[in-house]
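I am opening a notebook on a structure that is new to me, and I will write down what I look up as I go.

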Amino acid sequence: MAEAARRPAGPAAARPDAPVRLAGAVARASGWRGAALTVGLGAATALALPPVHLLLGLFAFAALAWRLDGRSRAAEAAWTGWLFAFGHHLAGLYWIPNAMLVDGGRFAWAMPSAVLGLPALLALFPAAALALAPALSRPGPGRAVAAILLWSLSDYARGHMFTGFPWNLPAYALSAFDAPSQAAAWLGAPGLSLAVLAVAAAPALIVGPEGWRGRGAAMAATLVLLCVPAALWAGGAARLLAHPPAHDGTAVVRVVQGNIPQRLKWRRDLRDAHLARYLALSQTEEPAARGPGVAAGTRPTAVVWPETAVPTFLNRKWGLRRAIATAVPAGGGLVAGAPSAVDDEENRDILLFNSMLVLDGEGNPTARYDKARLVPFGEFLPFREWIPIPAIVANFLDFDAGPGRRTIAVPGLGPVSPLICYEAIFPGEVVDRDGPPPAALLNLTNDAWYGRSAGPFQHSAIARMRAIEEGLPLIRAANTGISGVYDALGRGVVELGLERTGAIDARLPRALDPPPLYARWGDAIYLAALAAGLLPLLLAAARRRAGGRPESA
């Protein structure tokens, strides 16, 4: 009776207490239990990423807002943000340490740094951003708004600062669904991530550790929960209907996946066997799969091999290029990934590049692209003068960075924007805006480093979103991983799965004309939305500091 007397009368009395108790328990957990809970909540968000796509995991961001509700000091909020982000990246990037075991365990000693060090380092971005949450808002709905805006800002900073690493963006949770992914054509991955975060944190606008929140916040949250997903699906479905798949292109591309284990890839005694495999797959009459519109007996007009398919300096091997030329289609070209050694006469040195070479029927290189964005600690070692250990790939030699983004011509295929490996993960940075427009994105990669893990699936999903953002078809050749051809809306035309050997043929889909909004405006819409969300919080914080009446969030 006494308990019943303490409960509020009216509609609020009918509300279940379980959500309030849950929010309170999450917010009040302290000590090692609170730290473990925060790390676990961050790890839960990674379940929404490829290949699992358990979208419920995203709602852990609402729990992050509850955890931040009880943090009144910047240091406390930063620690909470670091723990959550550490769990997020620990679970989302668990596959990276596989690369340390490829070379017979030579780099096994570095596994603790990869397993724990990289997530710890990346978690500094959300920690720095979320440290601002107590200053921007009071506990309550405003803290949830601040949390998602600041997390989004930290993701954007992580993608641009230092070498940049925009992996694990919330937008990629939608990559398994063609319709909502189309929003990337307008918002890009950063803007779509902000929309996903808004939905994920919306429950924290409805209920908090102190109880059920105001009617205005609850109505706003309900609108977000209902309208944003509906708009993403409906708008994307309409876009898909407006651009039905077309398979009438004149260029027929053959993508070859050699599926050579990484531990064998650089062995000199096996190079001839590896080359023979690529040549046989390039000339086979029975590819593993054909895309729509490619009849049996149709010959490809261009052939694409993956990153470092030829593990030697192909630009200096005339005889080897002549051998490869036997697989070049008549009147077409062959693209091969290979390292290049180039004399630097000015410095009397030799520059080493991770390259893709375009060869004609005589074995002449008609174009070469040198990778401009290198993988830190993989293709080069930062601060080498202070850390005298070898890079993991490139046969333990550091690569040099190429001059940057450009469009190259491939006979039998047309102009393409070349992307080697993780160059495809950078939104808005996959096309030379000042050069001739490409007809496709061409991504060569080698995901054999990471075995059968989430890594190759995540990499493929990320690359496909670049196709949607740019309105360009994507040709993706992996040594092993996921190779495929995708249209300008990111839909698969033909695909070859992880750890499969074979060749696939497809007609090159058309590029969109005009290109999507994101290809023309870049991050402008996202940055405007981020500023529109942060500005009221900044103004309210300024009023509080000036001694004015605090605004209700």
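I began with the contacts of Ala60 in this predicted model, and, setting aside its neighbours within four places in sequence, I found Ala60 in contact with Leu41, Ala44, Thr45 and Phe84. Ala60 lies in helix 4, and I noted that Ala60 counts as buried because its relative accessible area is 8%, where buried means under 20%. I also looked up Glu307, which is 247 residues from Ala60 in sequence and 37 Å from Ala60 in space, C-alpha to C-alpha.

Next I turned to Leu54, which I located in the loop between helix 3 (31-45) and helix 4 (60-69).

Then I went on to a sheet, and I recorded six strands in the order 9-10-11-12-13-14, forming an open sheet with mixed pairing. At its edges I found strand 9 (408-410) and strand 14 (492-496), each of which pairs on one side only. Neighbouring strands of this sheet are turned against each other by 25 degrees on average, direction ignored.

Within the sheet I followed strand 10 (residues 414-420) and strand 11 (residues 440-445), which run parallel and are joined by five bridges; Val416 stands opposite Ala440 in strand 11.

Last, I looked up helix 17 (residues 454-470), which lies across strand 11, strand 12 (474-478), strand 13 (483-486) and strand 14, and which runs at about 160 degrees to strand 12.

Methods
Residues are numbered from 1 along each chain as its sequence is written. This is a predicted model: local features need pLDDT of at least 70, side-chain atom pairs count only at pLDDT 80 or more; totals for chains, interfaces and linings use all residues. Side-chain values use heavy atoms; hydrogens and water are left out. Helices (H or I, at least four residues) and strands (E, at least two) are DSSP runs, numbered from the N terminus. Two strands pair if DSSP finds at least two bridges between them. Axes are lines fitted to C-alpha atoms, for helices over the stretch in contact, and angles run from 0 to 180 degrees between N-to-C directions. Contact means heavy atoms within 4.5 Å. Buried means under 20% relative accessible area, exposed over 50%, partly exposed in between (1.4 Å probe, protein chains only).
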